[in-house]
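Look at the structure shown here before reading on. The paragraphs after it go through its parts in turn.

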Amino acid sequence: MVKFLCLGSGSSGNCYFLTTGTTSILVDAGLSMRSLRKALQSNGFELSSVSAVFVTHDHADHIKSVGNLANDLDIPIYATQKVHLGINRNYCVTTKLTEKHVRIINKEETVQVGEFSLKPFEVPHDSSDCVGYNIQVEGITFCLVTDAGQVTPAIQSNVSQANYLVVESNHDEEMLARGPYPAYLKGRIRSGRGHLSNRECGNLLAEYATEGLKHVWLCHLSEENNHPELARKTVSTILRSYGIVDGVDFKLEVLRRKTPSLVYELTK
């Protein structure tokens, strides 16, 4: 039985936990060690059980604890070469990675960790580099796409393969336009290397979800330019315009920014 737990999703810190009971992995580690440990223990898991951390990109809210996880718990950190260089440059990683814990991955090449087969794919974002992950385990496909400036063929392809999907729904376009952010920051978010809006996320799901998709979690919502119910409603409305009904065709939920999700059991 594969289990999934989101420990945090948003600019305050991102981290996703997957376990088979034998092998456990994290995707990103943007929370403090204390927060990671507490969130896992409160759900019956131990941070020391984690076999590997897979990093999407080198922004602070995704890598805060990678150095501590590596050096304190002897956990290898998997990322592209550019992301690893960015991690070592980032001010927020106070404990730097050593060669012992660095694992270089390449886009479109599969990495095996225990029962998990992970294939990174390109995601456009204004970091040193950025990937999503297509994760195969126990006959299911779990896909994660976050911090994506635009929808690309690689993203479309991986969404169409997913049974379970974590996908960015960062901002409401009108809230962003009317909000307090300075013009340069609004431009960054809207750019092809920024973040996906609710509308873009809804269109992606409507056009590329298949009958094999069982559950979608909307992630990385902006605190200033979005709201959980607004994101859900916008995406659900777009889906219905394509004849796709939330709760019938697949389940749609919004991940919380600062508190852990429920523990979800992923089945074929």
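Which residues of helix 8 (residues 198-208) are buried? They are Asn198, Cys201, Gly202, Leu204, Leu205 and Ala206. Buried means a relative accessible area under 20%, exposed means over 50%, and partly exposed lies in between, using a 1.4 Å probe and protein chains only. Helices (H or I, at least four residues) and strands (E, at least two) are DSSP runs, numbered from the N terminus.

The model is predicted: local features need pLDDT of at least 70, side-chain atom pairs count only at pLDDT 80 or more, and totals for chains, interfaces and linings use all residues. Residues are numbered from 1 along each chain as its sequence is written, and side-chain values use heavy atoms, with hydrogens and water left out.

What covers the buried residues of helix 8? The cover includes helix 5 (153-161), strand 11 (164-168), strand 12 (215-219) and helix 9 (228-241). Helix 9 can be taken next. Two packed helices are described by the angle between their axes and the distance between the axes. Helix 8 and helix 9 pack at an angle of about 40°, and their axes are 8 Å apart. Helix 8 is therefore oblique to helix 9. Here axes are lines fitted to C-alpha atoms, for helices over the stretch in contact, and angles run from 0 to 180 degrees between N-to-C directions. Angles under 35 degrees count as roughly parallel, over 145 as roughly antiparallel, 65 to 115 as roughly perpendicular and the rest as oblique. On the helix 8 side, Asn198, Arg199, Cys201, Gly202, Asn203, Leu205 and Ala206 are in contact (heavy atoms within 4.5 Å) with Leu230, Ala231, Thr234, Val235, Ile238 and Leu239 of helix 9.

Strands of a sheet pair through backbone hydrogen bonds, either parallel or antiparallel. In this model, seven strands form an open sheet in the order 7-8-9-10-11-12-13, with mixed pairing. Strand 7 (111-113) and strand 13 (251-254) stand at the edges. Each has a single partner strand, so one side of each is left without a neighbour in the sheet. Two strands count as paired if DSSP finds at least two bridges between them. Neighbouring strands of this sheet are turned by 20° against each other on average, direction ignored. Strand 12 and strand 13 pair in the parallel sense over four bridges, and Trp217 stands opposite Glu253 in strand 13. Helix 5 packs on the sheet, touching strand 8 (116-122), strand 9 (131-137), strand 10 (140-145) and strand 11. The direction of helix 5 makes about 150° with that of strand 8. Helix 8 packs on the sheet as well, touching strand 11 and strand 12, and its direction makes about 150° with that of strand 11.

A further open sheet of seven strands has the order 6-5-4-3-2-1-14, again with mixed pairing. Its edge strands are strand 6 (102-104) and strand 14 (264-266), each of which pairs on one side only. On average, neighbouring strands here are turned by 25° against each other, direction ignored. Strand 1 (residues 2-8) pairs with strand 14 in the antiparallel sense over three bridges, and Lys3 has Glu265 in strand 14 as its bridge partner. Helix 1 (residues 33-41) packs on the sheet, touching strand 1 and strand 2 (15-19). Strand 3 (residues 24-27) and strand 4 pair in the parallel sense over four bridges, and Ile25 has Ala52 in strand 4 as its bridge partner. Four of the five residues of strand 4 (residues 50-54) are buried, so strand 4 is largely enclosed by the rest of the structure.

How many disulfides does the whole structure hold? A search finds zero, a disulfide being a pair of cysteine sulfur atoms within 2.5 Å. The sulfur of Cys92 is 14 Å from the closest cysteine sulfur, in Cys15, which is too far for a bond. Cys201 is in no disulfide either, and the nearest cysteine sulfur, that of Cys219, is 8.1 Å away. Cys201 counts as buried because its relative accessibility is 0%.
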